[in-house]
Amino acid sequence: MGNGDATRLVEQLTSSGLLDRLYIGGEWVLPMGHDRTSVIDPSTEDAIAEIALGNAQDVDEAVIAARSAFKTWSVSSPQSRAALLGRVHSLILERAELFAQAISLEMGAAISTARSAQVPMAAEHIRVARDNAGSYPFVIHREGMALMREAIGVCGLITPWNWPLYQITAKVGPALAAGCTIVLKPSELSPLSALLFTQVLRDAGIPPGVFNLVNGSGPEVGAALAAHPDVDMISITGSNRAGVLVAQAAAPTVKRVAQELGGKSPNLILPDADLARAVPAGVAAGFRNVGQSCSAPTRMIVPRERLAEVERIACEAAAALVVGDPRSPQTTHGPVANRAQFKRVQEMIDAGITEGARLICGGPGRPQGLERGFYARPTIFSNVGPQMRIAQEEIFGPVLAIIPYDSVDEAVEIANDTVYGLGAHVQGRELAAARAVAARIRSGQVHINNPPWNPHAPFGGYKHSGNGREYGVEGLQEYLETKSILGWQGEPG
Ligand code: NAD
């Protein structure tokens with residue numbers, strides 16, 4: 001793909017009028033609000049498109065449409081919902097290249113990452129939701145009663161820009177499978193893939209009102225959704241700041257709140273680990289998507305006696321990354337997604353230097369030869385103290401902290417010593433020891449020796465990383481209420 005393809009995509013979206021519209025009640029409609037925002041290509045810093053933003057009145061209209069559609073959608077057969085999700089899955093795969101281009105353009109993912117990860121992994125959430133809709137026991141019988149697991153209602157879904165399509169499908173797929181109706185507010189920084197996804201749902205034949213899209217800012221549209229008295233559940237993936245504001249806005253209406261928030265995930269390398277495998281895999285995972293993943297293992301916790309070896313292998317792995325134009329197929333890492341992220345990454349690299357961590361590769365500023373665009377240098381600090389800012393705060397960029405330890409007990413303590421608890425990795429040859437360490441880590445997911453991604457594995461946070469679980473069966477259950485009917489007596493008949 002070249003820049004020509006990206007230009008054509010924007011031209012298509014502009015001429016179709018979708019950039020000016022919201023999707024409410026089965027129609028592409030003009031918003032009531034008059035605000036607009038630019039979509040910035042982070043590789044050039046140029047505005048490439050403008051979208052129309054909705055406001056609180058648009059949220060009201062979308063919630064009315066979703067409430068009305070809930071009456072029939074919530075009692076539709078799970079098989080018919082599975083069939084719809086099957087069509088959505090096929091259409092995403094059919095339009096995969098279009099999605100990859102949109103994502104690369106709106107948030108700077110290298111086209112290779114967009115094609116191999118952002119889009120196919122997003123499609124997987126829809127496939128899993130389809131399968132679960134068809135097989136989940138929505139009614140069970142126990143102890144003379146019936147337990148009905150029913151759709152919770154109208155769901156407000158708020159998503160971030162880092163894995164824009166993936167974060168949307170991780171919520172929309174299970175919510176639809178459960179029988180919920182939806183008002184989606186994607187990140188205003190990455191609206192293109194969300195518009196294409198809405199078009200997919202429409203082409204798949206989703207009934208009017210079941211899915212509604214309201215683009216807009218967090219403080220206007222996101223906050224209106226969170227506070228809305230007729231929204232039954234709000235699910236946000238984003239920063240802790242936004243997650244707390246959403247919970248506060250939601251509290252007076254006692255709606256269910258699901259939060260997928262930040263992380264500072266540890267990668268605990270045990271003394272017997274095969275460093276030649278574990279360290280490059282750890283660097284790759286930490287820098288995946290330019291470090292803009294909530295569960296990126298950005299703290300590599302390593303035996304002190306092997307620190308020099310770890311440093312050498314880690315720097316070699318970082319040097320092999322190709323940072324550059326996201327539209328070039330050779331590029332492994334594009335720019336970070338926006339100006340705020342670029343500033344944040346620079347601030348945290350400066351903090352690491354000021355606090356006395358040892359900079360072993362990368363550093364401040366842009367990589368050589370890249371004068372424009374939000375490009376950061378893949379940066380590794382060693383001898384990082386567990387209490388330094390770069391060991392405690394989420395950076396959300398290509399910055400890895402190597403922290404030495406003297407005993408496995410101390411390593412586990414360091415791994416657990418942040419406010420977060422989202423992802424974690426453990427590396428070691430002896431499986432029993434690795435499993436024992438995995439069991440001691442306080443986080444929602446632990447990976448032993450870099451297993452492949454599994455869309456069935458529940459994902460979510462302990463501590464300040466959030467509340468609730470996404471993906472797989474647990475992700476579906478998030479959108480269900482349980483009703484126990486006593487006196488039922490026996491099986492359904
Ligand atoms: P962000 O919090 O700025 O925005 C996320 C979403 O929340 C956007 O749609 C935004 O418009 C909305 N929002 C912002 N303020 C709001 C408010 N007051 N009320 C309602 N909605 C509001 O986050 P971001 O910069 O888009 O994403 C990066 C953050 O997301 C990181 O902290 C990252 O760790 C987190 N994240 C978490 C997960 C996870 O699954 N745990 C996954 C991806 C990203």
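Biologist: Which elements each supply at least two residues of the lining of the largest pocket?

Modeller: That lining takes at least two residues from each of β3 (36-41), α8 (218-227), β10 (233-237), α9 (240-250) and α12 (339-354). The model is predicted, with local features needing pLDDT of at least 70 and side-chain atom pairs pLDDT 80 or more, while totals for chains, interfaces and linings use all residues. Numbering runs from 1 along each chain as its sequence is written, and side-chain values use heavy atoms, without hydrogens or water.

Biologist: What counts as a pocket, and as an element?

Modeller: A pocket is an open set of points, on a 1 Å grid over the protein atoms alone, where a 1.4 Å probe fits with protein on both sides within 12 Å along at least five of seven lines, and lining residues have an atom within 4 Å of a point. Helices (H or I, at least four residues) and strands (E, at least two) are DSSP runs, numbered from the N terminus.

Biologist: Which element gives the most to the lining of the largest pocket?

Modeller: α9 does, with six residues.

Biologist: And where does the largest pocket lie?

Modeller: The largest pocket lies between domain 1 (3-261 + 467-484) and domain 2 (266-454), because both give residues to its lining; the domain bounds come from an automatic or database assignment.

Biologist: What about the second largest pocket, which residues are nearest its centre?

Modeller: Of the 24 residues lining the second largest pocket, Arg288, Ser295, His425, His447 and Trp453 lie nearest its centre. α6 (164-178) and α10 (275-287) are the elements that give two or more residues to the lining of the second largest pocket. The second largest pocket lies between domain 1 and domain 2, since both contribute to its lining.
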